[in-house]
Amino acid sequence: MATQVEDKFMAMNVEAATRFRTFQPTAMTITKESSCRIFCRRFFICILLVAVVALSSIVYAVYSYASNLSDVCHTKECLRSAAAFKQNMNLQADPCEDFYSYVCGNWADDHPRPARHGAYSWYDERQTKIYRNIRIQLEANVTRSDPKPVAQAKSMYKACLSEANRERYGFTAVQSYLKEFGLPLTPTLLNRTKTSARKYKFDWISSVAKIQRKLGLNVIVGFNIEQDHQDKNRNRLTLEYHYRPDELRFPAYEWSKLKAKAHGRRPVAVRSSSQDTDESDNESAEEEEEKDGEDDEDEIDTTELAESFARVIEAINPSIDTSGMDEKMNVLAERFAEFHRSLPKPLNSEDESEPEYYTVKQLQNATDHHIKPKKSYPVWQRYLDVLFANQPDAKPSDDEQLQMTPENVEFLGKLIDVVSDQPPALIELYVWGTVASFLVDHEFNDATLEEECAQVVHKLMGLAVSYAIADKSFLERTKPRVEQMLTDIRDEFDQMVLETDWMDAYTKYASLEKSKAMKSLIGFPEWILDDQKLEEHYAGLEISPTRHLENWVTALEFMNTGWLRSWKVKNNEVWDMDPTEVNAYNIFDRNAINIPVAIIQYPFYYLGLDALNYGALGEVLGHELTHGFDNAGRHYDKFGNEKRWWSNHTLQEYDKRAQCLEEQYSSYYVPEAKAFINGTLTLGENIADNGGLREAFRAYRAYVKRNGPEPVLPGFENFSHEQLLFISFGNQYCESISPAVAKYLVEDEHSPSKYRVLGVLSNMPEFSEAFQCPSGSKMNPKKKCRVW
Ligand SMILES: [Zn+2]
C-alpha cells in the first residue's frame, strides 16, 4: 500500500509540472483579459497542487503510523504478558549461558513465597487463585437456581466454618464411628498390662474392612481396584501389602507433608498407570509411590507420637484429662512404633513382576502356606465379605480372580505371619491410633479455616465445586482452540515419527496409530453443566448444615461406595483429576490425556499471542502426548494394554537415545540439594519435556504458515516470535524454593524446574538459532540429545 500512495503522489507532480510548462510558453501572446484568466487559472492550480501534496503527505503519514501500530499487540492479554515477562526477567543474564536466570531471574522478587509453601511456582500461585475462587463461590448464599449438589457444597462449607458446632458435635461423631468399627473410645492397652492384653479379643479383620468400606482408608491391608492387565475392558480387585506413612497422620504425616510441599503440584506432573480412583486423599499417586519406597526417614518419633495420642484421646473423650498421663502416653507411643516396625518393609514396585490371577481361596492357601507351621489364619474372604456387605450387587463371586503379583502375594503372607503373632490389644492400638487420628485430625493443616474448609469441600464434592468455575463460554470458545492446538501438536509428533531414521516401518505405523487413538479430556466433563445429571451424580448424598464431621465421613463414604460399586463397570471417560487442579495427566492404561480447565489459564494460556500460548500450554499438551511414548508409556499400546509392540532393533535405537538424555541430566549438579539429578529417575519426564517443546515449536511454525505472522509484543519489538515462544516456555517454570525442601528436589520424577528449562533448550538447535548462541556456549553445547 505504501508504494501505491507514493507512486500516485509522484504522478500528480509530474502531471502538474507538465501542465505548468505547457502553459508558460503561450502566456506571452495572450490578451489582457485572457492573461487574467490564465493567471487565475494558474493560481488556482498552484493552490490545488499544494493542497493535494499536503493532503497526500498527511494521508501517507497517518497510514504509516497506523500500519506500524497494528503490528504491535495492545490487547489486555498482550500487555499483561509483556509486563510480567519484563518484571520477571533478568536482562543482565546471558540467555546463551543460563536461560532460566534470564527469564526467571527476578521472579521470586515479584512473587513472594508464602511461608507455608516449601516450593512456590506459577502452578502454586494459580492453584491458590482457583481455591480463592472456589471459596468465593462457596461463601455465596444459596440461590434458587443452584442445583442441589451446589447448594449442598455451600452447606458443607458453612458447617465446616462453624467452630462452635464442630466442637459441640465432633467428639460424639468420632465416638460413634469408632463403635461402628468395633473399636473402644480409648485404646485397650491404656489400662491393661501386657499379660491381660493377650487374653483380649479383637476382630481386626472386620475392623479394617469396615474402615476401608466407610472411609476408603487402608489400614494394615491395602485394597484397590485395577484394570485387568490383559483385558482393558474389565477391572480386577487387588489386595496389597499396604503401608503408607502419610496415612498414619502422626509424625510421619508431618514429615510427608513437608515432602509433599517440595513435590506437591509439580508442573505437568503425573503419569498414572493405574486406575487410582481412591480420591480420599488429594495427594498425587507419584508422591504416594515415592513414600512407599522410604523406610528410614519416616521412622516414628515417639515423643511426638505420645503427644498426638494425648491430644486425640482428649478430643474423643472430653472427660479425660491426659496431663498427668505422660508415662502412659509414652508406653502407647512405644508400642505403636513397635508394631509399625514389626511390619515387613514395603515392596519396591520395580521388583514386582507381571500380575497374575488368584482366587481368594488360592490367596488364602498361599498365606497359610507362608505362616506354617501355624494353623490356618482365614483373612481374605472375611475381609471381602465385610467390605462388600452393603453392596450385594458388587460382591465378588467365590471364584472371582484377584489380580496380584506373586511378590505381593508373598508379602501378604509375611504380613499375616507377623500380625497373627501380635497380641490383639496391640493390633487394636495400631488400628485405633490410625483411624482415630485420621478422624480427629482430618482437617489438620496450617491453612486458615476458610481455606481449609474450601479445600475439604473441594476434595469431597469436586464436581459440584467445579460447576462454579465451569462455564459454557469455555466450551464454545476456548476448548475448540485448545483442541486445534492439540491437533497441530499431534500432527507434528506424527511428522517427527515419520522423519526418524531409527524406527522401522512397523513401529512407526503403530506409533502413529497410538497417537491417533489417544483420547483427550480437556477442561471439565461437559455433563456437570447439566443440572439434572449433576444431581443424579450426587443422588443419595445427604449433607447437614451443622454437622461437619458427619458431612465429611458421609461424603467420603459416598465416594467410596460409588467406587466399590463401579468395579464391574468399565468407563473410559473417567476423569482421574479434578477439573480444578493446575496440572495435566497422561493415563497410560487408557491411552488418554487429561488437561483440566484449571491449567488453561494465564500464564499457560490467554497470553495474548499464540507464540506465547504454544510455548506454554502447547508445551504442556506436547509433554503429555509424548509421555505416551516415553520409557514407561511406550509399553502401552493404542488400547492402553501393556504389550510389546516395538521391534528389537527400534527399541535398541530408542534406548541409545534415551541413554544420551540420562547422561545429560545426570551431569547436572543441583547446589541447593547438594546432589546430582538422577537421570534414570527423571528420564520419562525429560523425554516428555524435550519432545513436548519441539512439537509445540513446530506446531507454532505450522500455525503461522496457516494464519500469517502475528503482531509483536509491546516492549519486545526486537524479539522474534520464536524467541517469545522460548521465553514463555521458560516463564511457566519460574519458582522459588525454600532451603528446607531443597534437598528433596532431586528425589522427584521431574527434574528441578531450572534444569527442565536448561536441559530442553540446550538440546534444541532452534533455540540457539533464535538467540544466536555461539556453538559451545552453555545453551548450545556441541552434543545434543534427542529421542523425539
Ligand atoms: Zn510429565
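Reader: How are helices H7 and H20 oriented to each other, roughly parallel or roughly perpendicular?

Author: Two packed helices are described by the angle between their axes and the distance between the axes. In this predicted model, the axes of H7 (residues 148-161) and H20 (residues 462-469) come within 9 Å and cross at roughly 105°. They are therefore roughly perpendicular to each other. Axes here are lines fitted to C-alpha atoms, for helices over the stretch in contact, with angles from 0 to 180 degrees between N-to-C directions. Angles under 35 degrees count as roughly parallel, over 145 as roughly antiparallel, 65 to 115 as roughly perpendicular and the rest as oblique.

Reader: Which residues make the contact?

Author: Contact means that C-beta atoms, placed from the backbone, lie within 7 Å. H7 contributes Pro149, Val150, Gln152 and Ala153, and H20 contributes Ala464, Val465 and Tyr467. Six of these residues are nonpolar, one is polar and none is charged. In that scheme Ala, Val, Leu, Ile, Met, Phe, Trp, Tyr, Cys and Pro are nonpolar, Asp, Glu, Lys and Arg are charged, and the others, Gly among them, are polar.

Reader: Which residues have the most contacts inside the largest nonpolar core?

Author: A nonpolar core is a set of buried Ala, Val, Leu, Ile, Met, Phe, Trp, Tyr and Cys residues joined through C-beta atoms within 7 Å. A residue is buried with 20 or more other C-beta atoms within 10 Å of its own, exposed with 12 or fewer, and partly exposed in between. The largest core here has 180 residues, and Val435 and Val457 have the most contacts inside it. Its largest share, twelve residues, comes from helix H18 (residues 424-440). Beyond four places in sequence, Val457 touches Leu138, Ala153, Met156, Tyr157, Cys160 and Val465.

Reader: Why is helix H28 described as largely enclosed?

Author: Helices are DSSP runs (H or I, at least four residues), and strands are runs of E (at least two), numbered from the N terminus. Nine of the eleven residues of H28 (residues 721-731) are buried, so the rest of the structure largely encloses this helix. The buried residues of H28 pack against helices H3, H4, H25, H27, H30 and H31.

Reader: What is the mean pLDDT of the chain?

Author: pLDDT is the predictor's confidence in each residue, from 0 to 100. The chain's mean is 83, and 82% of its residues reach 70 or more. Over residues 1-36, pLDDT stays under 50. Local features need pLDDT of at least 70, side-chain atom pairs count only at 80 or more, and totals for chains, interfaces and linings use all residues. Residues are numbered from 1 along each chain as its sequence is written.

Key: Contact = placed C-beta atoms within 7 Å.
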